[in-house]
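Q: I would like to go through this structure with you. Could you begin with the terms we shall need?

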Amino acid sequence: GINAEYGSVIKLKTTLDPSTNTTQIIAGEHLQTISSLKPGITCSRAHHSGGSDIHISSDSLFLYALNRTDQTLSIFSVDKHTYLLTLKGHVPTGKTARNFHIIESDNNDWLLIANQESKTLQMYKRNKVTGCLSDSVEVKTISWPTCLVSFKNESNLSKL
């Protein structure tokens, strides 16, 4: 699971169950389980199906979960008071999205997704206030990307 903090008191723990594409969030004594798939989609047990990665924004207000079942990234808001998740929407990913990374800076926030089987790296601009993502800003062809690491500063993004 991923851990995040609200201030210095409340800790959130989230998990993404790859076999059911459900996200679970635990905040103190509160527990919520919510599907990260689009309505009407059920998780498949097929190869390279299910959930693959989950992250919370540094302000702990948004949670993102990768869904290989329907090739989307789910966007959730996290309520400041109840810590409950609300599904805001989905953006498309490439085939077999394995990993993603949120890059936050003073000027722009970005979300990068590594799509293994479509051999692409997608880059979305992230709205810091709404948590929503722009249309895919750029797609690069890369041989079998499976893992992303952090850049020291956003100026390196221009080298992609």
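A: Two strands pair if DSSP finds at least two bridges between them. Strands (E, at least two residues) and helices (H or I, at least four) are DSSP runs, numbered from the N terminus. This is a predicted model, in which local features need pLDDT of at least 70 and side-chain atom pairs count only at pLDDT 80 or more, while totals for chains, interfaces and linings use all residues. Residues are numbered from 1 along each chain as its sequence is written, and side-chain values use heavy atoms, with hydrogens and water left out.

Q: Which residue in S11 stands opposite Ile-113?
A: That is Gln-122. S10 and S11 (residues 120-126) pair in the antiparallel sense over seven bridges.

Q: What about the hairpin of S10 and S11: which residue takes a positive phi?
A: Lys-119 does, near 55°, and four residues lie between the strands.

Q: And how many bridges join S9 to S10?
A: Six, with the strands antiparallel. Ala-97 stands opposite Asn-115 there, and five residues separate S9 and S10 in their hairpin.

Q: Is S10 mostly covered or open?
A: Mostly covered: seven of its seven residues are buried, that is, under 20% relative accessible area with a 1.4 Å probe, protein chains only. Asp-109, Leu-111, Ile-113 and Asn-115 point one way, and Trp-110, Leu-112 and Ala-114 the other.

Q: Why do they alternate?
A: In a regular strand the side chains alternate between the two faces of the sheet.

Q: Changing topic, which residues have the most contacts inside the largest nonpolar core?
A: They are Tyr-64, Leu-73, Phe-100, Leu-111, Ile-113 and Leu-133, in a core of 13 residues. Such a core is a set of buried Ala, Val, Leu, Ile, Met, Phe, Trp, Tyr and Cys residues joined through side-chain atoms within 4.5 Å.

Notes: Buried < 20%, exposed > 50% of the residue type's maximum accessible area, 1.4 Å probe, protein only.
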